Amino acid sequence: SYEDWDTLILENFERYFWIPLSAERDVEREGLDAEYIHRRGIYKDTVGASQRFNDFQLRPNFPIAMVVAPDLFSPPYAVIALENVQSILNGPLGIATLDPKDWAYNGVYDNGVDSDDRGSSRGFNYHQGPEWLWIKGYFLRARLHFLTSAPSPRGVLATIRSSLSQLQAALATSEWQGLPELTNASGAEC
């Protein structure tokens, strides 16, 4: 039944998706492989990817799930993961699509380049580091949702206000009176 399915997901989500802060806690989780873990205190983007390392990349998709299905997330873990997005992926306008320390990271997107570099030619790296603005909205909403679990709710509110101020300033100074779809690393223009 749908109720059974719902219960199964709720009982197992963090067991499969959460990467604990401490390696000693790995035994409590399914499918963790220390060989691939280079960030802790995050939620996996995938489970069972065809290329195993993909399961352990820090990407900004879990804040979307936090907004859509917040009951899947333990508030203390959610706060830790969102703090990691804040400190690792958050750019001036958008959120990086991949951890800058990941081997596949390339934060400069140029769809016009046609070269032998399969990592960036013809915009291949669209999902490999450029900062997307639409994800920032979900990220900020997730931070608000888990605000009461944060060690410093006022600090979280201040960072949210700062993010919104940067977006408002970019909008006010845009000759197009709009915001870009994405930016390069550190908010550089694409």
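Colleague: Among contacts between residues at least 6 apart in sequence, what percentage join residues at least 24 apart?

Modeller: The model is predicted, and in it 57% of those contacts join residues at least 24 apart. One such sequence separation is that of Val85 and Arg59, which are 26 residues apart along the chain with their C-alpha atoms separated by 8.4 Å.

Colleague: Which pattern do the helices and strands follow along the sequence?

Modeller: There are five helices and five strands, arranged as α-β-β-α-α-β-β-α-α-β. The radius of gyration is 18 Å, close to the 16 Å that the globule rule gives for 190 residues, so the protein is as compact as a globular protein of that length. The C-alpha trace spans about 50 × 45 × 35 Å along the principal axes.

Colleague: How should I read burial, and what share of the residues is buried?

Modeller: The cut-off for buried is under 20% relative accessible area. By that criterion, buried residues make up 41% of the 190. The accessible surface comes to about 10,800 Å², and 53% of that belongs to carbon and sulfur atoms.

Colleague: Which residues have the most contacts inside the largest nonpolar core?

Modeller: In soluble globular proteins, nonpolar side chains tend to be buried together. Here the largest nonpolar core has 35 residues, and those with the most contacts inside it are Tyr43, Phe62, Met66, Phe73, Leu82, Leu89 and Phe146. Elements giving two or more residues to this core include strands E1 and E2 and helices H2, H3, H4 and H5. The largest share, seven residues, comes from H3.

Colleague: Where does Val85 lie, and is Val85 buried or exposed?

Modeller: Val85 lies in helix H3 and is buried, with a relative accessible area of 0%. Leaving aside residues up to four places away in sequence, Val85 touches Phe62, Pro63, Asn90, Ile95 and Phe139. With that exclusion, the contacts of Leu89 include Leu58, Arg59, Pro60, Ile95 and Pro100.

Colleague: How is a helix face read, and which residues of H4 are buried?

Modeller: The buried residues of H4 are Leu133, Ile135, Lys136, Phe139, Leu140, Ala142 and Arg143. Viewed that way, they fall within an arc of 160°, so they line one face of the helix. H4 has 13 residues and reaches 19 Å from its first C-alpha to its last, close to the 18 Å expected.

Colleague: What do the buried residues of H4 pack against?

Modeller: Their partners are helices H2, H3 and H5 and strands E3, E4 and E5.

Note on methods: Residues are numbered from 1 along each chain as its sequence is written. This is a predicted model: local features need pLDDT of at least 70, side-chain atom pairs count only at pLDDT 80 or more; totals for chains, interfaces and linings use all residues. Side-chain values use heavy atoms; hydrogens and water are left out. Helices (H or I, at least four residues) and strands (E, at least two) are DSSP runs, numbered from the N terminus. The expected span of a helix is 1.5 Å times one less than its number of residues. Buried means under 20% relative accessible area, exposed over 50%, partly exposed in between (1.4 Å probe, protein chains only). The arc is that of the directions from the helix axis to the C-beta atoms. Contact means heavy atoms within 4.5 Å. The radius of gyration is taken over C-alpha atoms; the globule rule is 2.2 Å times the number of residues to the power 0.38. Accessible areas come from the Shrake-Rupley method with a 1.4 Å probe; for residues, only the protein chains shown count as cover. A nonpolar core is a set of buried Ala, Val, Leu, Ile, Met, Phe, Trp, Tyr and Cys residues joined through side-chain atoms within 4.5 Å.
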